[in-house]
Amino acid sequence: MAVMHPLTLRFRDTALEDSFFEATRVRTRQQGQAAIVVGMFVYLLHGLLDRWFVSADLVAQLWVARGTALCVPAVVLVFSLTRWFARSSHLVLALVGLAAGVGLIAMQTHLPLESAPYYYPMMVVVTFYTYNFVGTRFIYALGVDLLMLVGYNLFFGALMGYPMHVLLGHDFFIVSANLIGGSAGYLAERQRRLLFLRERMLDEERQHHLARSLHDGLTGLPNRDLLYDRIAQAMSSSQRNGQINCGFFLDLDGFKQINDTLGHKIGDQVLREVGSRLVAAVRGVDTVARIGGDEFFVIARDIASEADAKALALKLLDQISAPMHSIAPGLHTGASIGLCLFPYPGMTVADLIHRADVAMYRVKTSGKGNYAIAGAADSTAV
């Protein structure tokens, strides 16, 4: 409850309140529309009482008051079909309840005291309707129903001169309806908001676990599973649009020696630093992944030519080979890189990675610290 105002139930975090409003927007619209239709029908049905409890000369006046009150829900119903309804939905739905109450007071002012017992119970119905059915927020319903209670007492106590015991009898039922209906409305909205918070927390937890399952725990980079998905997306896009993409398989040179001489803690820092440098060297549309040990993979999307792929390979080598004095004085590392341009005939994700891997090992066996471009001979089909 600390995140909500204890009376209005509004979330103290404005962004959270906006999210809740957006999440319940459709439900509010649909419930409001249904409540208006049902409410208008009940309001009209109430007019059947006129036949027995209203003199013929007053029937027309009652129907003028009733019809005027019904104009408000009719207008709101039409308004609910527009895009502007969402911005003020709770307020205009509260006006539906207010119009119903004002209409009842207006009708009852034309009636003799002996007819009041057959008409004031409708105020109880309107009270429950506003709190629990029309779809407005509790705080708006509370304001409307308290305003109707005050108005009822002013009109029929001060102006119409209802006897005190009669007015108090009416007040008892109207106040009871406010207490019961208001409590139910308050608890229902509070529960909806708590449920929203719970669902939001569970969704964030699911997203967190999903992110952890698709990212490397040490560097925070995409792992092999997410890399496969990103490659598949790039392959599909390149086949549709004819774009040239390139995969870069990177293996650090001399990393085992760093682990053996400086320890695994320093080795982990080196891996994190390499990951950060690779991310800084590529564009936002590109992907840098750690696929295991000291191996990384980069997907460069929509490059212009093979020359651009080579230029990026040199840039990656420069980034990795720069001194890492912040980790250990005089520490240097390097990398061997295998490049594989795609799309190409018969390409698959596994074959793409294999070709880049084979090209990288050619560099490893021929001196390290350089790059090589994969060809058809590096395919898994060969």
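These legends describe close-up views of a predicted model.

**View 1. The open sheet.** Five strands make up this sheet, ordered S2-S3-S1-S4-S5. Their pairing is mixed. Strand S2 (287-292) and strand S5 (371-373) form the edges, each pairing on one side only. From one strand to the next, the twist averages 20 degrees.

**View 2. The S1 and S4 pairing.** Nine bridges join S1 and S4, and the sense is antiparallel. Leu-252 has Ala-335 of S4 as its bridge partner.

**View 3. Helices across the sheet strands.** Helix H9 (residues 224-241) lies across S1, S2, S3 and S4. H9 runs at about 20 degrees to S3. H11 lies across S1, S2 and S3. The angle between H11 and S3 is about 5 degrees.

**View 4. The largest nonpolar core.** This core has 32 residues. Phe-248, Leu-250, Val-270 and Leu-316 have the most contacts inside it. At least two core residues come from each of these elements: strand S1 (244-253), helix H10 (255-262), helix H11 (264-281), strand S3 (295-303), helix H12 (306-321) and strand S4 (334-342).

**View 5. The surroundings of Leu-316.** Neighbours within four places in sequence are left aside here. Leu-316 is in contact with Phe-248, Leu-250, Leu-278, Ala-281, Val-282, Val-298 and Ile-337.

Definitions and conventions. Residues numbered from 1 in each chain as written. Predicted model: local features only at pLDDT ≥ 70, side-chain atom pairs only at ≥ 80, totals over all residues. Heavy atoms only, no water. Core = buried A, V, L, I, M, F, W, Y, C linked by side-chain atoms within 4.5 Å. Buried < 20%, exposed > 50% of the residue type's maximum accessible area, 1.4 Å probe, protein only. Helix = DSSP H or I, 4+ residues; strand = E, 2+ residues; numbered from the N terminus. Contact = heavy atoms within 4.5 Å. Pairing = 2+ DSSP bridges. Axes fitted to C-alpha atoms, helices over the stretch in contact; angles between N-to-C directions.
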